Amino acid sequence: MDGNMRQRIHTTWSIRILSSITLLLIISANANAELLIRITEGADSALPIAVVPFAENGQIPPGDKLSNVVQSDLTMSGEFRALPPSKMLSLPSKREEVFFRDWRMLGQRYVLVGELTRSADKINARYELFDVNREERILGERAAASVNNLRSLAHHISDKVYEAITGVPGAFSTKLAYVTLDSFNGKPRYRLQVSDVDGKRSRIRLESEEPILSPAWSPDGKRLAYVSFETGKPVIFVHELSSGNRTKVADFPGLNSAPAWSDDGRSLLMTLSKDGNAEIYRMDLQSRQLTKLTNHWAIDTEPSWDHNGRGVFFTSDRSGGPQIYHMEKPGAEPRRITFGSRYNARPRPDSEGKYVYYVHQREGSFHIARTNLKTGEETILTRTQSDESPSVSPNGRMLIYATKQGTDSVLTVISADGGAAYSLPASEGDVREPAWGPLIR
């Protein structure tokens, strides 16, 4: 491999951080903590649903209406098309007030109605979901949350509605981790942040003048692993979110990058170059014992466990350019997965073992693509030009990635088949490195 190709690999993979810090530092703007959401493309196959504004009894806190949050959640999945309340013929809150003929006339397949009641410091919700064509109730529940936690209640209802219709657990109560970059007193300021899946209620978990990269969630959602340059070199930390305690877990000579959790939360995959070449290792977090999983002259990086937690996907240039490989178990001969272009990197498999998603270069542009692991068929999912850092939702139905919107880096959520897209930019500035949190049930 010539020097130009190797440099190109370094600047685009996770190990690009060693040669692209200057580029990162000059992309500076003011990044507010909270993300926005913009619908950029809908899906033609989306199911029509009417989320009727919930009736309210008592002093309900001001702010986003619960029904608006539910409507936004379902729309963001790409599988539903919500009817605006202004087009509704009535605003029922219970079964007796639902006239199915009216909703059929409006072309609706499902109707969600409900009522909120304030009792002391709690908000109680009663809600019902109806199949308009069958004129049947398919979901009816009660739920409650504290007065200051109305958004969590809304996300919970969204999850229940989504599962009742699709049979798949909703992922709207999950969290996002991401990194923003702005400038303060002429110096770069990186912030590791955690928010709701729709970008709301963000909290800063770490600030640094040096780059923060590759956040990865533990399977219980209580810890983040990430790479920080705060010591002047790439080091892997594990961050306990409830206490803020941080533990340095990989500070070897050379590269320490690309952490990925095992299903039991007891070990991390990572890329280390402590012996001179970038290889994939597994670290037991209790004993700190390392197991070397690859041993090749090529650059092996960006590991990710497969759906059964035994095999590993990773990026390697052993074929002459970056491609995705799969090792069925430690010590097995890696099998090349991607062939559609000279550049495929940063693999992220789904939870069912059907697809692997990755960054794919074609005609000078970087897109998000997926390969069917059974048939080998490759599908390009995005139409934007500078896409990176894909992360799959824990239910496998959505995908988030970083891309460019004008001069800013933003996050975009798409359905897993690429049929719908919603951008989540910071209100100003640069946001990148998204990681979708696990389902906590």
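In the predicted model, a network of salt bridges links Asp-64, Arg-151, Lys-175, Asp-196, Asp-198 and Arg-201. Side chains of opposite charge can pair when their charged atoms come close.

The side chains of Glu-207 and Arg-191 meet in a salt bridge, with an N to O distance of 3.6 Å. Because Glu-207 belongs to strand β10 (residues 203-208) and Arg-191 to strand β9 (residues 187-196), the pair ties together parts that are 16 residues apart in sequence. As regards accessibility, Glu-207 is partly exposed, its relative accessible area being 44%, whereas Arg-191, at 11% relative accessibility, counts as buried.

A salt bridge is also formed between the side chains of Asp-131 and Arg-134, for which the N to O distance is 3.2 Å.

In the pair formed by Asp-251 and Lys-248, the closest N and O atoms are 3.7 Å apart, which lies within the 4 Å cut-off for a salt bridge. Asp-251 is partly exposed, with a relative accessible area of 37%, and Lys-248, at 38% relative accessibility, likewise counts as partly exposed.

Technical notes:
Residues are numbered from 1 along each chain as its sequence is written. This is a predicted model: local features need pLDDT of at least 70, side-chain atom pairs count only at pLDDT 80 or more; totals for chains, interfaces and linings use all residues. Side-chain values use heavy atoms; hydrogens and water are left out. Helices (H or I, at least four residues) and strands (E, at least two) are DSSP runs, numbered from the N terminus. Buried means under 20% relative accessible area, exposed over 50%, partly exposed in between (1.4 Å probe, protein chains only).
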